[in-house]
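Here are some friendly notes to read with the model open on your screen.

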Amino acid sequence: MDDINWNKIIYIDDEQKLIYFDQKTYKLPDAILNLYSDRVRHLDLSYNKLSSFESLELFTNLEELVLDNNYLTDEIIFPAQLNQVKLLSLNNNKFENLDLLLTKLSLCFPNLEYLSLLGNPACPCHLLNLKYTEYDYLKYRFYIIRYLPRLRILDAQRVKKMERDFVRNQQQQEECDSEGGRIKRNNALMEICALWSSKLGVRRKSQPVVYHPLPDSIREAGDHRGAYGKCRYRYIGAQSEGNRFILNTDL
């Protein structure tokens, strides 16, 4: 029998929820499958080292799947189809190829409504990584919404109507028949994305301003500019440290 730490296994009967966390295991033990596979709707497998997910097909009633902090990579193979799963959390893993991941998700989880990818290299969240901007994250959201049109929540944020409108406009303007059509499509994508980002108050990443103490231009020797006015502060020398060494005879 597999070495299982039963103290870290929580089953909530009322919610049909199984929490199997921090077991450092690479696959679900047979004992867990035999006990819970037919009566679990919410499955939390966080903080493990899972690499095989074939056993998930046995959870026929599964609706929510949490796989946070499992060191999952682009090589992961999900079960053929889990049609009933509506919530999938993949936070803090090692996914880098967003195209590949979305292709797998669209095939294996066709009815997905809630998805979270925070903490992955493929997720350019400006709140978690300062090298990204809000503009980068906005484009990322548009891209995922196009792949997974049923999504209602992405990265704990509701999918807005204007985001869906952008994706719809993008699809309408696509012309895939020729190379010129692809160029036109990319230009349209940039224009529409810039339009929506301006409405949301999001700016493109700009070059950092480098401070320099010297003026931008050099004046001629005779081109002097000054300012005249009354000074509000009158210096009386009472707080000068140098006055301690000056005698009245020296003045």
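1. Let's begin with helix H3 (residues 134–147) and helix H4 (residues 161–172), whose axes come within 9 Å and cross at roughly 70°. Helices here are DSSP runs (H or I, at least four residues), strands are runs of E (at least two), and both are numbered from the N terminus. The axes are lines fitted to C-alpha atoms, for helices over the stretch in contact, with angles from 0 to 180 degrees between N-to-C directions.

2. A word on the source: this is a predicted model, in which local features need pLDDT of at least 70 and side-chain atom pairs count only at pLDDT 80 or more, while totals for chains, interfaces and linings use all residues. Residues are numbered from 1 along each chain as its sequence is written, and side-chain values use heavy atoms, leaving out hydrogens and water.

3. Back to that pair: H3 and H4 are therefore roughly perpendicular to each other (angles of 65 to 115 degrees count as such, under 35 as roughly parallel, over 145 as roughly antiparallel and the rest as oblique). Their crossing is right-handed, meaning that the near helix is turned clockwise from the far one by less than a right angle. From H3, Leu138, Arg141, Phe142, Ile145 and Arg146 meet Glu163, Arg164, Phe166, Val167, Gln170 and Gln171 of H4; contact means heavy atoms within 4.5 Å. By class, five of these residues are nonpolar, two polar and four charged (Ala, Val, Leu, Ile, Met, Phe, Trp, Tyr, Cys and Pro count as nonpolar, Asp, Glu, Lys and Arg as charged, and the others, Gly among them, as polar).

4. How does helix H2 (residues 98–108) pack with H3? The angle is about 30° and the axes are 10 Å apart, which makes H2 roughly parallel to H3. The crossing of H2 and H3 is again right-handed. On H2 the contact uses Leu98, Asp99, Leu102, Thr103 and Ser106, and on H3 Tyr140, Tyr143, Ile144 and Tyr147. Six residues of this contact are nonpolar, two polar and one charged.

5. Now for the sheet, which is open and has eight strands in the order E1-E2-E3-E4-E5-E6-E7-E8, with mixed pairing; two strands pair if DSSP finds at least two bridges between them. E1 and strand E8 (157–158) stand at the edges with a single partner strand each, so one side of each has no neighbour in the sheet.

6. Strand E1 (residues 9–12) pairs with strand E2 (residues 17–20) in the antiparallel sense over four bridges.

7. On to strand E3 (residues 42–44), which runs parallel to E2 and is joined to E2 by three bridges. Here Leu18 has Leu43 as its bridge partner. With helix H1 (residues 30–36), E2 and E3 make a right-handed β-α-β unit.

8. Finally, do look at Tyr11, in strand E1. Beyond its neighbours within four places in sequence, Tyr11 contacts Gln16, Lys17, Leu18, Tyr36, Arg39 and Val40. Tyr11 and Tyr36 are 25 residues apart along the chain, with their C-alpha atoms separated by 8.8 Å.

Conventions. A crossover is right-handed if, with the strands pointing away from the viewer, the path from the first strand over the helix to the second runs clockwise.
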